[in-house]
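Trainee: I would like to go through this model with you. I want to know what stands behind each label.

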Amino acid sequence: MNSIIFTAAARLLVALMFVFSLFMLLRGHHLPGGGFIGGLIGAVSFIVYSLACGPAEARKAIRISPEVIAMLGLGIALLAGMFAFFMGDPLFTGQWYWVGGDSYETSAFSLNTVLVFDIGVYLVVLGGILSLSYAFEEET
Amino acid sequence: MSWVLVMPIAVPFLTAVVAFLARSYPAGRWISLAGSVLSLVASAVLMAAVLDQGVIAGQMSNWDAPFGITLVADYLAAVMVVITAITGLATAIYALGEIPEETEALGFYALFQTLIAGVTGAFLTGDLFNLYVWFEVMLIASFSLLVIGGGKDRLDAGIKYVALNLVSTLIFLAGIGLLYGVTGTLNMADMREAVANAENQGLITVIAMMFMVGFGVKAAVFPLFFWLPASYHTPYFAISAVFAGLLTKVGVYALMRMFTLVFVGDVGFTHEILIWVSVLTMFTGVIGAAAQTDFRKILSFHIISQIGYMTLGLALYTPLALMGGVFYLVHHIIVKANLFFVAGLAKQYAGDTDLNRIGGLYKSAPLLAALFIIPAFSLAGFPPLSGFWAKYLIVKAAIELDAWFVAFVSLLVGLLTIFSMTKIWGMAFWKPHPEGYDPTPDRAPPKVTRAMITPIAALAAMTIVIGFYPEPFVQFAETAAMQLMDPTDYVTTVLGVQP
């Protein structure tokens, strides 16, 4: 697509959408959001970029091939679930460490495996959608 | 405890991730092989735990049943997991010889390990919706494996395969939705009671039929089997072996699980239908095979006819019949995967799988001929090989119920199976190689044939062991059948209420 307006707008939009996808990822679990929806928004931002500049350029922009991103995400999600083994819990039991308190209301922030799992989901969705859409775009 | 149940699923998944990252290097195939060995170890540990403690269950994420996802293994599930791991390992070895490097670089081993993870998950889950998810994992992985390597034939087969399987999955999903609407639960153990207490038993029977159709397509029973012979003769031999061995059996397993655990309210109706479906499946499958002249197409139709025996074991619904069904399931996976392996090696030696274009294998590859005889005769039910005991149990169960016609048909089908096997034997092994066809267009180096003949020999040895020493296997099948007929243990273990 050779539209100057679209190309110029895409530059702004892509960055905004990508930051928004990270925001959605991080606010997940306690508030609406999470890895899946974040990954979708992140994928859309790269798709907009590839529509504006072509898939070859977009592939260069993410550096790693989307398939590898998806598989890495699968590995991260699985390992996050398996971390529960060290705590003697069943697979995928969330492990929480509250910093400065002992619950969501009182603590400043928390370290948990749920977020790691969500990051894995984010990468799976991002990589999966991008590998599909790039394959289609390169076909035509 | 629950980690024993998780590892047979987690190991192939992790292997898939690592194998994918290493897909362009030779290390990828060794990672896959190592992962398959580890899967076998993990499933052996599970089997030991089940033998030791009976039914074991684990609540994932620490959500109590019936709200969370439960993984559960009884005798049947445990043996299916072990046999899946064995088939997986055999295929991983076979693939070392068969799969070309270009296909490896596309992520062949990652897809293969994902398929194994999906099959194992389907055997171990105790949650109906989770079963659907595993079916999807299998479907995606198997579709990719079917078309990988390219070519018009494969794409054609892949489209047919995925279209019909999607329909079946949708019917299955609609059934889950209806069942959830009626019972308000997805946990299979919890569902047993909820279904028995449901007011509208007519609706339950309708839902039961939806499940029968959904799983029936997966299992390839009459009249829903069209996708199977249309697709199983095109992919790599390693892939068609693992499909032939495992995929249809997941459908049979799901039928066995649901129609012994949940849908037992109207056995006179549902299982009666299943009897006639089984009889027709056995018969049409074997008749279809008689018309084929392609090595793999004959074997594909035989899968269908053999599925009939397994569902017959379920349909007759006596402890002896179920025992026969379980025994048949295990025996058939080993034998059928092995026959597809043999077909692949026969192609390496003779150049084709069309029986009219090949011949003389008895002379050119006597070892292969010997190794073909074992699974082929076992499939036909020759004593003392494993297939004889499997057929014997089923036929005996039918005779005990005075179901003479059913017993007659299953014996007749056995006879017709011998006819097909002798056809392959006569055309591929005995008759001289036909003139005008080059016998060795891609004669493989010894390294390749060694990798391919190892799993064939190992699986043939297992067939012989089961055949000559069937007592422990029969006893195991008996306990598995007992647990299916009376799932009190299963239900109490899953729901955590020990009486």
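Predicted model: local features only at pLDDT ≥ 70, side-chain atom pairs only at ≥ 80, totals over all residues.

Trainee: How do you know what confidence chain B has?

Mentor: From pLDDT, the predictor's confidence in each residue, from 0 to 100. Chain B has a mean of 88, and 97% of its residues reach 70 or more. Within chain B, helix H15 (residues 361-364) is lowest at a mean of 80, and helix H5 (residues 108-124) is highest at 94. Chain A averages 88, with 99% of the residues scoring at least 70. The model as a whole scores ipTM 0.88 and pTM 0.92.

Trainee: What makes up the secondary structure of chain A?

Mentor: Five helices and two strands. Helices (H or I, at least four residues) and strands (E, at least two) are DSSP runs, numbered from the N terminus. Along the sequence, chain A reads α-α-α-α-β-β-α. Chain B has 21 helices and two strands.

Trainee: Why is chain B called as compact as a globular protein of that length?

Mentor: Set its radius of gyration against the globule rule. The radius is taken over C-alpha atoms, and the rule is 2.2 Å times the number of residues to the power 0.38. For 499 residues the rule gives 23 Å; chain B has 22 Å, which is close, so the label holds.

Trainee: Why is Phe92(A) called buried?

Mentor: A residue is buried if 20 or more other C-beta atoms, placed from the backbone, lie within 10 Å of its own; 12 or fewer make it exposed, and in between it is partly exposed. Phe92(A) has 22 such neighbours, so it counts as buried. Asn62(B) has 15, so it counts as partly exposed. Buried residues make up 39% of the 140 residues of chain A and 61% of the 499 residues in chain B.

Trainee: Which peptide bond at Pro223(B) is cis?

Mentor: The one joining Phe222(B) and Pro223(B), with omega about -5 degrees. Another cis bond joins Pro383(B) and Pro384(B), with omega about 5 degrees.

Trainee: How do you know that S1(B) and S2(B) pair?

Mentor: Pairing needs at least two DSSP bridges between two strands. Strand S1 (residues 56-59) and S2 of chain B have four, in the antiparallel sense. Gly58(B) stands opposite Leu71(B).

Trainee: What makes a residue part of the contact between chain A and chain B?

Mentor: Two residues are in contact if their C-beta atoms, placed from the backbone, lie within 7 Å. Chain A gives twelve residues and chain B gives 15 residues.

Key: Residues numbered from 1 in each chain as written. Chains lettered and ligands numbered in written order.
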